[in-house]
Amino acid sequence: QVQLVESGGGLVQAGGSLRLSCAASGRTFSSVALGWFRQAPGKEREFVAAISWSGGSTYYADSVKGRFTISRDNAKNTVYLQMNSLKPDDTAVYYCNRAATVQTMLERWAGFGSWGQGTQVTVSS
């Protein structure tokens with residue numbers, strides 16, 4: 001079974017930056033789409049960003065466009081989320097997940113049954 005481990009979260013002041021990482025074990029990232037999601041306290045999980053298998057296509061929620069950047073390094077089996085200009089509303093547990101294609105990721109992520117531990121991001125003001 002593929003294991004995805006998120007890391008890089010922490011406490012940061014509004015306007016600051018964090019870089020999240022999601023490392024996979026058990027299978028390479030080759031030919032799979034990857035995405036970042038988040039869940040704030042008392043809220044439902046929401047989509048944040050996705051990237052195609054090659055890294056050639058990226059997608060972002062409107063709330064993070066221009067501030068967050070998703071990237072991947074298939075050689076390292078890792079996907080990243082660079083978060084700049086952080087806002088208190090970005091406070092959440094951040095999760096990564098995978099799908100066969102970016103289309104599947106965007107259309108079906110809410111039905112995914114398997115999620116990791118996530119990494120906590122707290123933005124203070």
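Student: Which hand does the disulfide of Cys22 and Cys96 have?
Tutor: A disulfide is a pair of cysteine sulfur atoms within 2.5 Å. In this pair the sulfur atoms are 1.8 Å apart. The torsion about the S-S bond is about 55°, so the disulfide is right-handed.

Student: What kind of model is this?
Tutor: Residues are numbered from 1 along each chain as its sequence is written, and side-chain values use heavy atoms, with hydrogens and water left out. Local features need pLDDT of at least 70, side-chain atom pairs count only at pLDDT 80 or more, and totals for chains, interfaces and linings use all residues; the model is predicted.

Student: How many residues apart in sequence are the parts that Cys22 and Cys96 tie together?
Tutor: Look at the strands (E, DSSP runs of at least two residues; helices, H or I, need at least four; both are numbered from the N terminus). Cys22 lies in strand E3 and Cys96 in strand E9 (residues 92-99), so the parts tied together are apart in sequence by 74 residues.

Student: What is the bridge partner of Ser21 in E8?
Tutor: Two strands pair if DSSP finds at least two bridges between them. E3 and strand E8 (residues 78-83) have 6 bridges, in the antiparallel sense. Within E8, Ser21 has as its partner Tyr80.

Student: Which residue joins its side chain to that of Ser17 in a polar contact of 2.9 Å?
Tutor: Ser17 sits in the loop between strands E2 (10-13) and E3 (18-25). A polar contact is a pair of N or O atoms within 3.5 Å; within protein, one must be able to donate a hydrogen and the other to accept it, and residues adjacent in sequence count only if both atoms are side-chain atoms. The partner of Ser17 is Asn84.

Student: What sort of pair do the rings of Phe37 and Phe47 make?
Tutor: Rings of Phe, Tyr and Trp (its six-membered ring) pair if their centres lie within 6.5 Å; planes under 30 degrees apart are stacked, over 60 edge-to-face, and the rest tilted. Here the centres are 5.9 Å apart and the planes stand at 65°, so the pair is edge-to-face.
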